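Let us read a model together, one feature at a time. Have the sequence and the structure open.

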Amino acid sequence: MDVLTATLIVAAIGAAALILAAWLTARARIGVLPEKRDPSSPWAGLPDQAKQFRMFGWVFVVLLYLAALFCLLQGLNALRVVHHWVQWQASFAGTLDPLAEITLYAEFWNALAIALCLIAYWAQRRLRRRA
């Protein structure tokens, strides 16, 4: 994988997640929460379809955060390989890719984690906004 391919993959996944988050959290679909809310029913006064889309939106936000966590763990694992490169290279005797490619791999996963976190936070803010 080269830098351009990694950038395009992160951009494509980020764009797809952003489009889906925007579609799920559109004001026309999720409605507007009233200024004061009933603690026993936070979505009181919303139509059933809006409640449904809000639930799908929150599930999507959680999935985005979980995917971001997975990507972060992948990136940190690759950084661990980079940090202990000499030991890994001695153990696997040339079966590993060059150091630059593993560094790019770590940057790819970390960039994807950051993009997914930002999109999840944006969708979360849209789901929490009030009138």
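Q: Leaving aside its neighbours within four places in sequence, which residues is Arg-126 in contact with?

A: Contact means heavy atoms within 4.5 Å. By that rule, Arg-126 touches Ala-22, Thr-25, Ala-26, Arg-27 and Ile-30, leaving aside its neighbours within four places in sequence. A word on the model: it is predicted, so local features need pLDDT of at least 70, side-chain atom pairs count only at pLDDT 80 or more, and totals for chains, interfaces and linings use all residues. Residues are numbered from 1 along each chain as its sequence is written, and side-chain values use heavy atoms, with hydrogens and water left out.

Q: Where is Arg-126 placed, and is Arg-126 buried or exposed?

A: Helices (H or I, at least four residues) and strands (E, at least two) are DSSP runs, numbered from the N terminus. Arg-126 sits in helix 5. Buried means under 20% relative accessible area, exposed over 50%, and partly exposed in between (1.4 Å probe, protein chains only). Arg-126 has 18%, so Arg-126 is buried.

Q: What is the relative accessible area of Arg-129?

A: Arg-129 has 27%, which means partly exposed. Arg-129 belongs to the segment after helix 5. Leaving aside neighbours within four places in sequence, Arg-129 contacts Thr-25, Arg-27 and Leu-33. Glu-35 is 94 residues away along the chain, yet the C-alpha atoms of Arg-129 and Glu-35 are separated by 9.4 Å.

Q: What span should helix 1 have?

A: The expected span of a helix is 1.5 Å times one less than its number of residues. Helix 1 (residues 3-24) has 22 residues, so it should span 32 Å; its end C-alpha atoms are 31 Å apart, which agrees. Helix 3 has 36 residues and reaches 52 Å from first C-alpha to last, close to the 52 Å expected.

Q: Which residues of helix 1 are buried?

A: They are Ala-6, Val-10, Gly-14, Ala-17, Ala-21 and Leu-24. These residues cover an arc of only 90° around the axis, so they lie on the same side of helix 1. The arc is that of the directions from the helix axis to the C-beta atoms. On the other side of helix 1, Leu-4, Leu-8 and Ile-19 are exposed. The cover over the buried residues includes helix 2 (27-30), helix 3 (48-83) and helix 5 (99-128).

Q: At what angle do helix 1 and helix 5 pack?

A: Axes are lines fitted to C-alpha atoms, for helices over the stretch in contact, and angles run from 0 to 180 degrees between N-to-C directions. Helix 1 and helix 5 pack at about 15°, with their axes 10 Å apart. Helix 1 is therefore roughly parallel to helix 5. Angles under 35 degrees count as roughly parallel, over 145 as roughly antiparallel, 65 to 115 as roughly perpendicular and the rest as oblique.

Q: At what angle do helix 3 and helix 5 pack?

A: The angle is about 160°, and the axes are 8 Å apart. Helix 3 and helix 5 are therefore roughly antiparallel.

Q: Where does Gly-31 lie?

A: Gly-31 is in the loop between helix 2 and helix 3. Gly-31 and Ala-50 are 19 residues apart in sequence, but 5.7 Å apart in space, C-alpha to C-alpha. Leaving aside neighbours within four places in sequence, Gly-31 contacts Leu-46, Ala-50 and Arg-54.
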